[in-house]
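Reader: I would like to go through this structure step by step, from its overall build to single residues. Could we begin with how the chain is held together?

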Amino acid sequence: MNIGTQLIFRLSVSLIFLGRAWQHLFWDAPFRAIFWDETLLRPIIENVLRMDWQSYATSISTDTVIQSLIITHGIVYLIAAVMTWWIRRDRQYWLRYWIYIGGMCLLILAMLQTKEKFYHIAQFFEHSIQFGLPFVFVYSLQKTVSVPRLMNCLKLLIAITFFSHGLYAFGVYPVPGHFIDMTIRIVGISEKTAISFLYVAGMLDFILAILLFVPFVYRYALWYAAVWGLLTALARIVANFYIDFPIQSLHQYLYLVVYRLPHGLVPLLVLVYAQKQYLLSMHTLSTK
């Protein structure tokens with residue numbers, strides 16, 4: 001991979017870690033979905049810790065522990081974001097363990113979000129790029145790596161992410177209210193039209209997931225994924241920015257953009273590589 005593709009790769013991974021660090025250090029994360037699950041934890045709390053559930057759930061100490069855990073994950077993400085730029089193939093390769101740890105934290109976060117959203121399986125796989133990219137990044141730094149295989153892994157992450165996102169937009173799962181609200185605020189259409197718009201977007205996500213693996217047309221699918229991925233990321237701040245409270249708006253919603261930008265950058269990464277391979281093949285044919 002050349003310098004350009006490596007730059008996009010590192011930027012994408014670091015943005016995921018940085019956005020999640022911002023979220024955990026300043027806002028919240030769904031750890032309480034586990035630690036306040038009475039059905040799951042009550043037997044452990046009462047039989048192992050010998051503590052009444054009501055006392056546990058309302059204890060300030062319990063909330064302090066949960067908040068400390070959230071902050072700790074935020075620090076891990078922040079360190080992983082920095083390590084993403086320091087690690088090299090020929091030196092400091094031990095730094096990959098920070099990337100692995102950050103990737104595992106992202107995987108756990110996706111599981112917690114899935115539990116919080118009533119175990120919708122699409123909720124988990126919608127974050128495939130986010131929790132999968134760090135591991136693919138470490139693979140790309142090995143001394144011997146198959147770049148075509150690497151690109152296929154990235155295309156698979158893109159396909160799964162967009163397909164899962166499409167399940168919500170298409171209405172297989174209940175369409176999230178914030179999807180509709182963002183569409184109304186940005187495009188300025190009615191609720192009914194917004195739902196129809198999202199329905200079409202969901203169908204296009206399904207088609208995209210297939211076309212990514214079809215020769216001769218996959219580059220067009222990548223262009224769509226790059227543009228749509230960037231637009232849906234930027235929509236978080238466009239729909240929620242209030243001119244009367246600019247700093248507060250940016251602080252509250254910009255991190256949502258940061259960790260979603262790779263949804264557009266990763267397709268761009270694969271597209272740059274595909275274009276390079278296309279030009280190389282054209283040059284080879286012209287010299288024969």
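Author: We can, keeping in mind that this is a predicted model. Among the contacts in the protein with a separation of 6 or more, residues 24 or more positions apart account for 72%.

Reader: Which pattern does the protein follow when read along the sequence?

Author: The protein has 14 helices and zero strands. Read along the sequence, the pattern is therefore α-α-α-α-α-α-α-α-α-α-α-α-α-α.

Reader: Which residues of helix 10 are buried, and over what arc around the axis do they lie?

Author: Helix 10 spans residues 177-187, and its buried residues are Phe-179, Ile-180, Met-182 and Thr-183. An α-helix has 3.6 residues a turn, so residues three or four places apart point the same way.

Reader: Which helices do the buried residues of helix 10 pack against, and which residue just after helix 10 takes a positive phi?

Author: The partners of these buried residues are helix 9 (147-170), helix 11 (191-211) and helix 12 (218-238). Just after helix 10, a positive phi of about 75° is taken by Gly-188.

Reader: What is the volume of the largest pocket, and which residues lie nearest its centre?

Author: The lining of the largest pocket draws at least two residues from each of helix 1 (3-26), helix 6, helix 9, helix 10, helix 12 and helix 13 (246-258). By class, this lining divides into 14 nonpolar, 13 polar and eight charged residues. The volume of the largest pocket is about 840 Å³, and of its 35 lining residues, those nearest the centre are Lys-117, Gln-123, His-178, Arg-236 and Arg-260.

Reader: How much space lies in the second largest pocket, and which helix gives the most to its lining?

Author: The second largest pocket holds about 320 Å³ of space, and of the 17 residues that line it, the closest to its centre are Ile-186, Trp-228, Leu-231, Thr-232 and Ala-235. Its lining comprises 13 nonpolar, three polar and one charged residues. Helix 9, helix 10, helix 11 and helix 12 each supply at least two of the lining residues, and the one that gives the most, with seven residues, is helix 12.

Reader: Which residues line the largest cavity, and which helix supplies the largest share of that lining?

Author: The structure holds one cavity of 30 Å³ or more, and about 40 Å³ of space lies in the largest cavity. Its lining is made up of Arg-20, Leu-106, Leu-109, Ala-110, Gln-113, His-127, Gln-130 and Phe-131, and the elements that give two or more residues to it are helix 6 (96-116) and helix 8 (128-140). By class, the lining has four nonpolar, three polar and one charged residues. The largest share, four residues, comes from helix 6.

Reader: Is Leu-208 buried or exposed, and which residues is it in contact with beyond its neighbours within four places in sequence?

Author: Leu-208 is placed in helix 11 and counts as buried, because its relative accessibility is 3%, under the 20% cut-off. Leaving aside neighbours within four places in sequence, Leu-208 is in contact with Phe-162, Ala-221, Tyr-224 and Ala-225.

Reader: Where does Arg-50 lie, and is this residue buried or exposed?

Author: Most residues other than glycine have a negative phi, whereas Arg-50, which is not a glycine, has a positive phi of about 55°. Arg-50 lies in the loop between helix 3 (38-47) and helix 4 (53-58). Because its relative accessibility is 70%, over the 50% cut-off, Arg-50 counts as exposed.

Reader: Where does Phe-118 lie, and what is its relative accessible area?

Author: Phe-118 is a residue other than glycine with a positive phi, near 60°, and its place is the loop between helix 6 and helix 7 (121-125). Phe-118 is exposed, with a relative accessible area of 69%.

Technical notes: Residues numbered from 1 in each chain as written. Predicted model: local features only at pLDDT ≥ 70, side-chain atom pairs only at ≥ 80, totals over all residues. Heavy atoms only, no water. 1 Å grid on protein atoms, 1.4 Å probe; cavity = no way out; pocket = protein on both sides within 12 Å on 5 of 7 lines; lining within 4 Å. Points joined across faces, edges and corners; volume = space filled by probe spheres on them. Nonpolar A, V, L, I, M, F, W, Y, C, P; charged D, E, K, R; others polar. Buried < 20%, exposed > 50% of the residue type's maximum accessible area, 1.4 Å probe, protein only. Contact = heavy atoms within 4.5 Å.
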